[in-house]
Amino acid sequence: MEDRFGHRISYLRISITDRCNERCRYCLPEERQEWLPRDGILSYEEILRILRIGAGMGIRKVRITGGEPLTRRNVLSLIRSVAAVPGVEDIGISTNGTLLADVPAEESGEGVTMARHLVEAGVRTVNISLDTLDQAAYAAITNRDFHARALAGIEAACVAGFESVKLNCVLMKGRTEHEVSDLVEFAHDHECLLRFIELMPVSTTEVLTADNFLSCGTVQQILAARYGPLVPCPEVRTNGPASYWRIPDRNQLVGFIGAMTNLHFCESCNKLRLTADGKLRPCLGSHMETDLITPLRAGASDDEITRLIADTVDRKPKEHDFRTTYLPGRRMIAIGG
Ligand code: SAM
């Protein structure tokens, strides 16, 4: 699939729940949440039907996300089915890591962690959120005291057999600067790929202000002061828009997801997003979306769903609206990060 601007679409991010066991300030800031009603969420069968049709149109990579995807029941059975969809070559998951070290009771195998079960189910790569190494700061950001669980989850992921474990750190001015090098050292010690993500205005208007925005460029300067100038590695690409740089004299890459400051950010975009409530979004930073759940439940044929997906690709914008007209609408948690 290719859109009007030459974006080649092969990647579907599937949000399987809008619920989360944490309350990150920049993602779902209010404590009192109105979750979507259960029957407003796509069932696993509905997700798989959309994916089968999408895979027939060229989707090759899938990322399971949320909300916190590991809070949805029987997530492993969904992943096994996703792995069996013809055409799907690569499955990743995004998680806050707090449940990765748990041993799921409903699965066989004594002492086998969720991380290991994910690998056995077919997940190749895991992205784990880690904004801070400080327990109190973690609790302040996430509104939950789960720092130890998140770290245990990272340890479990590191030995589970994933092809890659990435750590995602959302940048917050006044919070992240003094930890940047510690996070790099932590990632180095754990052989994980660390990525810094610029704050995006996806939840409420207070989330992104001049007072709390920290750019990837500033982080690069902080790292250069500690390690020497970073070496750009344009040849390194993962499936997303991150750009990678190498720490001098060290075989360690650091990624930067500069949605706000990188003017080329959208050029290589290859994604569609399926929200937990069955809307297909061509772009995170645009409110455009196509309702799939209503036609699906009204008995639409595969051809009709194919047409709706193709239309969505056709309407994919050249670039996101975050720098221009975007006003927060649906929270990140409802879209699927
Ligand atoms: N719960 C999972 C997790 O923690 O990764 C998956 C969903 S979460 C919405 C996906 C990613 O989006 C996380 O790395 C999170 O930090 C990031 N994120 C959420 N809100 C954001 C915002 N306003 N700006 C930038 N990144 C954000």
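## Two residues with positive phi

N74 is found in the loop between β2 and α2. The model shown here is predicted. In this model N74 has a positive phi of about 55 degrees, although N74 is not a glycine. As a rule, most residues other than glycine have a negative phi.

D249 sits in the loop between β8 (243-247) and β9 (252-257). Is D249 buried or exposed? D249 has a relative accessible area of 80%, so D249 is exposed.

## The buried side of helix α2

Helix α2 spans residues 75-83. Its buried residues are V75, L76, L78, I79 and V82. Why do they lie on the same side of α2? They cover an arc of only 155 degrees around the axis, and therefore they are on the same side of the helix.

What covers the buried residues of α2? The cover includes two helices, α1 (44-57) and α3 (114-121). It also includes the strands β2 (61-65) and β3 (90-95).

## The ligand and its surroundings

The ligand is surrounded by 19 residues. The closest are Y26, G67, S129, V170 and M200. By type, the residues of the shell divide into eight nonpolar, nine polar and two charged. Strands β3 and β5 (164-170) each supply at least two residues of this shell.

For Y26, a backbone N or O atom lies 3.0 Å from a nitrogen atom of the ligand. For G67, a polar backbone atom is 3.0 Å from a nitrogen atom of the ligand. For S129, an N or O atom in the side chain is 2.8 Å from an oxygen atom of the ligand. On its own the ligand has 550 Å² of accessible area, and the protein covers 93% of this area.

## Serine 286 in a loop

S286 belongs to the loop between β11 (279-281) and β12 (290-291). S286 is buried, with a relative accessible area of 5%. Which backbone atom does the side chain of S286 reach? The side chain reaches the backbone nitrogen of M288, at 3.2 Å.

H320 lies in the loop that runs between α9 (302-314) and α10 (332-335). The relative accessible area of H320 is 6%. H320 is therefore buried, because buried means under 20%.

Leaving out residues up to four places away in sequence, H320 touches A259, F265, C266, C283 and G285. One of these, A259, is 61 residues from H320 in sequence. In space, the C-alpha atoms of H320 and A259 are 8.7 Å apart. The side chain of H320 reaches the backbone oxygen of A259 at 2.8 Å.

Definitions and conventions: Residues numbered from 1 in each chain as written. Predicted model: local features only at pLDDT ≥ 70, side-chain atom pairs only at ≥ 80, totals over all residues. Heavy atoms only, no water. Buried < 20%, exposed > 50% of the residue type's maximum accessible area, 1.4 Å probe, protein only. Helix = DSSP H or I, 4+ residues; strand = E, 2+ residues; numbered from the N terminus. Arc of directions from axis to C-beta. Contact = heavy atoms within 4.5 Å. Polar contact = N/O pair within 3.5 Å; in protein donor to acceptor, adjacent residues only side chain to side chain. Near = heavy atom within 4 Å. Areas by Shrake-Rupley, 256 points an atom, 1.4 Å probe, with all protein chains shown as cover. Nonpolar A, V, L, I, M, F, W, Y, C, P; charged D, E, K, R; others polar.
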